[in-house]
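Hello,

Here is the structure I promised to pass on. My notes follow below it.

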Amino acid sequence: MIIRFVKMLLRCVFCWREKYATKEQIKNAQAIVAFSFGARRCGPGHSNAFLIKIASCLSRKYELPIIAQSNIGDHISNSVYTIRESRIPGQYLDTYEVAFQIYELCKEHGFKEVLVLAHPDHAWRCKKTLEKLGLNTCVIDTSACPYDSLSTQEWTRNRLLFIPREIFARVLYLLQGKI
């Protein structure tokens with residue numbers, strides 16, 4: 001028990017890239033689940049625009065439904081489900097809340113195998129959170145996804161700001177049993 005916790009704690013600090021989905025895993029997926037990264041007052045911003053392109057392309061090529069956070073889903077014509085707000089009024093729509101709503105939608109539609117689409121530095125926590133909820137996941141290669149220096153969320157403007165916050169969030173999720 002303690003060894004497992006310590007291993008996971010070390011992964012929270014040192015794991016920054018997941019194995020990416022193979023073509024076979026992509027073919028076997030039932031849905032694409034997309035987590036936004038940052039926000040802009042007008043438009044999706046650079047990071048989300050990158051993720052939108054990948055989601056749209058994969059959805060068309062493999063005929064997969066998309067479950068996406070609004071900064072992505074609102075800009076995709078073939079997005080089937082868009083997550084816009086927390087279930088609790090006034091609560092910040094964080095990664096866990098998005099993952100939980102994704103899980104609920106997947107359960108409702110019988111999706112078990114999902115492709116995780118997220119900024120590469122955010123993908124590990126998205127994947128682990130969805131797996132903890134009970135979904136089988138594969139991460140899509142988004143290694144070229146940029147940061148957005150004009151994001152309204154300061155911590156998503158560059159890697160130097162994001163990584164310390166992400167480590168804290170991962171450890172917090174681990175302690176809360178969310179990953």
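How many aromatic pairs does the count come to? Six aromatic pairs. Bear in mind that this is a predicted model.

One of the pairs is Phe37 with Tyr147. Their ring centres are 5.5 Å apart, with 70 degrees between the planes. That pair is edge-to-face. It links distant parts of the chain, 110 residues apart. Phe37 is in the loop between β1 (31–34) and α3 (45–62), and Tyr147 is in the loop between β5 and α7. Both Phe37 and Tyr147 are buried.

Phe100 and Tyr103 make a tilted pair, because their planes stand at 50 degrees, with the ring centres 6.5 Å apart. These two residues are three apart in helix α5, so about one helical turn separates them. Phe100 and Tyr103 also belong to one aromatic cluster with Tyr96 and Tyr173.

Next, the packing of α5 on α6. Helix α5 (residues 95–109) meets helix α6 (residues 123–133) at an angle of about 45 degrees, and their axes are 9 Å apart. That angle makes α5 oblique to α6. The crossing is right-handed. On the α5 side, the contact uses Thr95, Tyr96, Ala99, Phe100, Ile102 and Tyr103. On the α6 side, Arg125, Cys126, Thr129, Leu130 and Leu133 take part. By class, that contact has eight nonpolar, two polar and one charged residues.

Last, Ser151. It is found in the loop between β5 (136–139) and α7 (159–176). Ser151 is buried, at a relative accessible area of 0%. Leaving aside neighbours within four places in sequence, Ser151 is in contact with Gly38, Ala39, Arg40, Thr156 and Arg157.

Best wishes

Conventions:
Residues numbered from 1 in each chain as written. Predicted model: local features only at pLDDT ≥ 70, side-chain atom pairs only at ≥ 80, totals over all residues. Heavy atoms only, no water. Axes fitted to C-alpha atoms, helices over the stretch in contact; angles between N-to-C directions. Helix = DSSP H or I, 4+ residues; strand = E, 2+ residues; numbered from the N terminus. Parallel < 35°, antiparallel > 145°, perpendicular 65-115°, else oblique. Left-handed = near helix turned anticlockwise from the far one by under 90°. Contact = heavy atoms within 4.5 Å. Nonpolar A, V, L, I, M, F, W, Y, C, P; charged D, E, K, R; others polar. Buried < 20%, exposed > 50% of the residue type's maximum accessible area, 1.4 Å probe, protein only. Phe/Tyr/Trp six-rings, centres within 6.5 Å; stacked < 30°, edge-to-face > 60°.
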